[in-house]
Amino acid sequence: MNERHFPMKSLAGKITVATMAAIVSLTSAQASAQGTRTISANMKSIAGPMSTVWRDCVGSGHAGLLLRKENQDQMRLVHDETGFEYIRFHGIFTEYTDAYREIDGRPYYNFDRVNQVYREVLKAGFKPMIEVSFMPKDLASQDRTIFYWRGNVSPPKDWKKWSDFITAFVQNLEANFGRKEVESWRFEMWNEPNLDGFWVNADQQAYFRLYGETVKAIRGVNPALKVGGPATAGVAWIPEFIAYAEANKLPVDFIATHTYGVAGGFLDEKGQGDNKLVPDRNAVIGDIRRARSQIDASSKPGLPLYITEWSTSYNPRDPIHDAYLSAPFILNKLKGTEKDAQSMSYWVYSDLFEEAGPPPTPFHGGFGLVNREGIRKSAFFAYKYLHALGSQELRNSDQESWLTRDGDNFAGVIWNYTIPDQKESNRPYFTKVHPATNLAPVDLKLSSLKPGSYRLRVYRTGYKANDPYTQYMEWGRPDKLTSDQISTLQGLTSDAPEIDQTVKVGADGGMRRSIPLRSNDVLLVKLERAGN
């Protein structure tokens with residue numbers, strides 16, 4: 001065995017008593033040198049319902065992508081294996097959907113492609129978090145666009161035509177999907193209007209007018225529909241937005257904003273820059289707590305806070321998105337914000353994404369949880385493991401774990417988030433292989449289990465465990481993958497348990513296991529009762 005790294009692949013399948021003894025022996029030696037990380041839970045000690053904030057929503061690219069079979073297939077895969085409930089994407093009014101045209105100054109509406117997008121969303125099991133954007137070309141006041149797919153970022157040239165268009169849009173949704181169904185959807189006003197790239201001159205007053213005109217049109221169709229904003233980058237404009245809505249008697253059902261884990265700005269349209277991970281465990285967490293405190297200090301305390309974009313980096317070509325570090329990063333941020341946000345929408349589910357143009361290589365630093373070939377990245381497994389947790393959270397003093405029960409069964413997610421000693425920016429740093437280091441083992445102690453037989457399974461994501469990107473780098477970062485290489489990477493991310501055995505719980509109701517842990521590992525431990 002390598003002195004620095006556990007060869008996790010060797011533990012796959014049915015673990016033998018001898019293998020378990022060897023693991024315990026090794027981890028005991030580590031414990032004497034490093035101490036042991038003890039995690040304890042009493043199955044009768046319920047803290048409350050398990051948080052599902054992480055599950056509420058996930059991002060996509062632009063509406064036109066969801067008309068493509070490859071994106072639809074990945075959308076269904078991600079929903080089925082993670083349980084995400086809402087999906088948010090840009091550009092429902094771009095030329096891809098062709099919803100609005102003018103001929104001789106007269107507006108014409110065509111919602112056929114808009115409806116097809118939402119049918120695909122519902123077919124995959126999601127509900128829409130509608131980002132009301134961008135401006136239809138024939139209704140725009142300026143020819144100002146963003147991204148490869150040219151979303152127009154200017155105010156309407158005619159506010160009455162905009163209001164009539166939004167009214168028709170919402171009436172169409174209710175006519176095609178049903179009033180009650182659409183009442184379960186959400187309407188978020190625009191995307192990052194505090195950035196000039198997304199809203200001309202980042203004009204706050206013009207945005208506030210856009211919100212006012214739009215919310216009146218939406219609520220004019222159905223007063224029960226949920227609408228919010230300001231959808232800003234970097235937790236901006238929240239007090240001002242709430243104050244404007246209050247002064248103008250405008251409804252606000254939720255606050256939406258964005259935050260990312262790197263320094264250096266908020267927008268890199270073409271992915272040409274470089275960033276660096278903020279070396280602070282409270283990065284992202286601090287922004288969200290600040291947003292919550294601003295809401296609660298306002299005239300509308302208690303409004304839901306929806307983080308409608310977040311991840312390690314806002315750069316669409318940042319290799320940190322592909323790195324195994326992303327999995328514990330996600331869990332660190334979710335754990336630190338579960339009491340402050342009501343939705344944490346990871347940006348995005350797939351590398352089939354076109355802000356900076358079509359995805360150029362299999363792993364190119366794209367935002368997705370899944371790469372363009374459909375290979376699950378390490379970040380994907382953070383969400384898959386959360387989806388495996390039970391409905392009741394157990395009391396637990398460990399800060400890097402969630403322990404749960406569902407009936408007689410136990411499930412826990414345990415991780416280590418080690419911020420790298422990063423002397424350089426993300427692009428040079430995360431295009432190199434970074435082996436993990438061995439840490440003190442986890443000593444998992446469970447009590448008040450029902451006596452009987454249980455199936456114990458342990459899954460791992462980390463260095464060379466559900467880690468396709470490290471293998472890709474070791475192959476020399478090829479521009480294209482062969483079918484054999486794709487098959488290899490799918491095998492490396494099959495998420496087979498490294499421990500799968502039957503254990504007996506005696507009359508004392510206790511079970512104890514020592515589990516190896518490395519830097520930036522994520523573990524899923526499942527204990528399912530098989531009988532008496």
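Tutor: In this predicted model, the largest nonpolar core has 113 residues, and those with the most contacts inside it are Tyr118, Trp162, Phe169, Phe187, Tyr207, Trp310 and Tyr383. To see what one of these residues touches, take Tyr383, which, when its neighbours within four places in sequence are left aside, is in contact with Trp54, Thr82, Phe84, Trp310, Ile330, Leu334, Tyr346 and Leu369. Trp310, listed among these contacts of Tyr383, is also one of the residues with the most contacts inside the core. A second, separate core has 23 residues, including Leu444, Leu449, Val505 and Met511. In general, nonpolar side chains tend to be buried together in soluble globular proteins.

The side chain of Lys377 meets that of Asp322 in a salt bridge, at 2.7 Å from N to O. This pair links distant parts of the chain, 55 residues apart, with Lys377 in the loop between strand E16 (343-346) and helix H10 (378-387) and Asp322 in the loop between strand E15 (305-311) and helix H9 (326-337). Asp322 has a relative accessible area of 2% and is therefore buried, the limit being under 20%. Lys377 also meets Asp351 in a salt bridge, at 3.0 Å from N to O. Both Asp351 and Lys377 lie in the loop between E16 and H10, so the pair ties together parts that are 26 residues apart in sequence. Asp351, at 1% relative accessibility, counts as buried.

For a pair in another setting, turn to Lys432 and Glu424, whose side chains meet in a salt bridge at 2.7 Å, N to O. Here Lys432 is partly exposed at 41% relative accessibility, and Glu424 is partly exposed at 27%. Elsewhere, salt bridges that share partners join Arg37, Arg281, Asp398 and Glu400 into one network, and the count of salt bridges comes to 45.

Finally, there is open space to consider: the second largest pocket holds about 280 Å³. It is lined by 20 residues, of which Tyr324, Pro420, Tyr429, His434 and Asn520 are the closest to its centre. The lining of this pocket divides into 11 nonpolar, six polar and three charged residues, and helix H12 (residues 468-474) supplies the largest share of that lining, three residues.

Methods: Residues are numbered from 1 along each chain as its sequence is written. This is a predicted model: local features need pLDDT of at least 70, side-chain atom pairs count only at pLDDT 80 or more; totals for chains, interfaces and linings use all residues. Side-chain values use heavy atoms; hydrogens and water are left out. A nonpolar core is a set of buried Ala, Val, Leu, Ile, Met, Phe, Trp, Tyr and Cys residues joined through side-chain atoms within 4.5 Å. Buried means under 20% relative accessible area, exposed over 50%, partly exposed in between (1.4 Å probe, protein chains only). Contact means heavy atoms within 4.5 Å. On a 1 Å grid over the protein atoms alone, a cavity is a set of points where a 1.4 Å probe fits but cannot get out, and a pocket is an open set with protein on both sides within 12 Å along at least five of seven lines; lining residues have an atom within 4 Å of a point. Grid points are joined across faces, edges and corners, and a volume is the space filled by probe spheres set on the points. Helices (H or I, at least four residues) and strands (E, at least two) are DSSP runs, numbered from the N terminus. Ala, Val, Leu, Ile, Met, Phe, Trp, Tyr, Cys and Pro count as nonpolar, Asp, Glu, Lys and Arg as charged, and the others, Gly among them, as polar. A salt bridge is a side-chain nitrogen of Lys or Arg within 4 Å of a carboxyl oxygen of Asp or Glu.
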